[in-house]
Amino acid sequence: MAKAFFRLQKFLRRTQFLLFFLTAAYLMAGSLLLLQRTRLVIQQGSRGTSANQALPVPEGMAGVGIADPRTLQNPRPSPRLLVGMDAMREPALDQRHGPRWLVSRNSELRQLRRRWFHRFISDQEPMQTAGFKAMKHTAEHQGTYVGCFSDDSRERTLKGAVFYDLRKMTVSHCQEACAERAYTYAGLAYGAECYCGNTLPATTSKPEECNSECKGEKGSVCGGVNRLSVYRVEELRAGARRRRNVIYRGCFRAPENLTDTFPASLIQPNLTVEMCSEFCSKKEFPLAVIRGRECYCGFPTGRFSLHDGADGQLCSGTHNASSAAQGKYCLVYQTPVQDTRCTDRKFLTTKSKVFVALSSFPGAGNTWARHLIEHATGYYTGSYYFDGALYNKGFKGEKDHWRSRRTICVKTHESGKTEIEMFDSAILLIRNPFKSLMAEFNRKYAGHLGYATDRNWKSKEWPDFVNSYASWWASHVLDWLRYGKHLLVVHYEDLKQNLIPKLREMVEFLNMTVTEDRLLCVENNRDGNFKRSGAKQKDFEPFTQEMKDLINRYILTVDEALRGRNFTGLPREYVPR
């Protein structure tokens, strides 16, 4: 019996080994076959057509960007564009499983995995080694490192100016920004946020708690979670002084009691604009007010709103004693200091019961309107799309799901019955189509803050763009007028000219109440960081007479539709052109 059991056990051992061997051989053979097929694919791909020949573009589609609306801000192209999309899809489907597609797709997936892996590793590493700490405060950052401090958003001392750049923030960038605005200290937090001020935070923290790597500078620390890496930038201020902008706001009638109106003051013989501006900047006030030898610092308020300017000649003698004795008028200058009374923003603490859209045609000033609404209400705005460039500049609602109802309203360029009826109400922002088309063309080829080149304007892409997008401008307004449940129509030009009344109307539509001082703060920061920069062509007329005739017909159609719904018609400057 024992001998039979021994034979059975020996047989099972042999069988187990045999199964293991067969499995290993099978896996090796499969691997060799896969390698051989991959080599064949690569060889075939190298003999294939070029990348430019793989997807022929129809002649009428050159330069027209079409993509998923959740990733690119070109939703709902016109019917003419949809025809072009179908034409583009057919050759793409023919090569969907071709050798070149397979090789390029595998390469893309490898790059994505590699980027994800490096991002995961960089997020998980605590960055607490001594060598790293020694490297982060080297002389390349010209300011003097002070230390790591606790950051309390409710009692923040570095609040003179606030900047966000979730992609390119560096220590030097933050230092220079604060130095140009006459601040003493620059603090960085969360790897991407920059705060300026003249007073150090009260509570120090352990050096290792400042462990967030700067988004735009590997090997450097930009604070941490509720932690600030603080630098003294006084030594940079002498060089930055040449670049500071002290803006003349005008001549105004002085308040009856300047001491009660303005929190800080200085009396100085031979007072100059630079002396008063420097004094008010150190006190972290955005306004410098001069009356004779007297310098006052403060904010725009209901008592001194800067809305009723006086003749400049009435202020021509404010620096002499006789005019100072009269004390009727004063000179007002904007210091480099940011008005921070309206810069705090957050998500809604409870879900909004009313789902509100901020709808506009692309290029109609939607981003600027979001800037105004966020600073007026103190709450983030959302977006139907994810625009990484806007998120990196502080629009944190970009990454929040557009249906989360944690934002005060949601940006959209969509039109059509289904897309419109998802919202309970909407602010419909309309802009002159000539201006909108040019703004969207600039954004398409130079981003949110740049200008398209002369080559872009003179190419075939511009007339194709106008023919496609002009009809979309009209259909967008007509669809919202037809399917929108509860609308507030706002004309971009009216908002620009009468900011506070129109902004107050928008805020009330959102069921929010704000103080007059907060609205004045928004007006003081009206442009934000969203004005285009670069070489702008003067006296440039990109529209042909044929284009003007086409757009003018759409303008008349939209104007008639607005009046038919008992809304104010389009501003006179729209028609005719």
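Which residues does N525 touch, not counting residues up to four places away in sequence? The last view below gives the reply.

**View 1. Overview of the predicted chain.** This is a predicted model, in which local features need pLDDT of at least 70, side-chain atom pairs count only at pLDDT 80 or more, and totals for chains, interfaces and linings use all residues. Residues are numbered from 1 along each chain as its sequence is written, and side-chain values use heavy atoms, with hydrogens and water left out. The chain contains 20 helices and 18 strands (DSSP runs numbered from the N terminus: helices are H or I of at least four residues, strands are E of at least two). Of the 577 residues in the chain, 46% are buried (under 20% relative accessible area with a 1.4 Å probe, protein chains only; exposed is over 50%, partly exposed in between). Among contacts with a separation of 6 or more, 76% join residues 24 or more positions apart (contact means heavy atoms within 4.5 Å).

**View 2. Helix α16 against helix α20.** The axes of α16 (residues 461–483) and α20 (residues 545–564) come within 10 Å and cross at roughly 5 degrees (axes are lines fitted to C-alpha atoms, for helices over the stretch in contact; angles run from 0 to 180 degrees between N-to-C directions). Helix α16 is therefore roughly parallel to α20 (angles under 35 degrees count as roughly parallel, over 145 as roughly antiparallel, 65 to 115 as roughly perpendicular and the rest as oblique). Residues of α16 in the contact include W462, W473 and L481, and those of α20 include M547, Y554 and L562. By class, the contact of α16 with α20 comprises 17 nonpolar, three polar and no charged residues (Ala, Val, Leu, Ile, Met, Phe, Trp, Tyr, Cys and Pro count as nonpolar; Asp, Glu, Lys and Arg as charged; the others, Gly among them, as polar).

**View 3. Helix α11 against helix α18.** The axes of α11 and α18 come within 11 Å and cross at roughly 75 degrees. The two helices, α11 and α18, are therefore roughly perpendicular to each other. W368, L372, I373, A376 and T377 of α11 meet L499, L503, M506 and V507 of α18. This contact of α11 with α18 divides into eight nonpolar, one polar and no charged residues.

**View 4. Surroundings of helix α19.** In α19 (residues 516–524), the buried residues are R518, L519, L520, C521, V522 and N524. Their packing partners are β8 (247–253), β13 (329–334), α11 (366–377) and α18 (499–509).

**View 5. Residue T301 in its loop.** T301 lies in the loop between β11 (294–298) and β12 (309–310). Its relative accessibility is 16%, so T301 counts as buried. Not counting residues up to four places away in sequence, T301 touches R341, D517 and L520.

View 6. N525 is placed in the loop between α19 and α20. With 14% relative accessibility, N525 counts as buried. Not counting residues up to four places away in sequence, N525 touches Q338, D339, C342 and H371. From C-alpha to C-alpha, N525 and T340 are 9.0 Å apart in space, although 185 residues apart in sequence.
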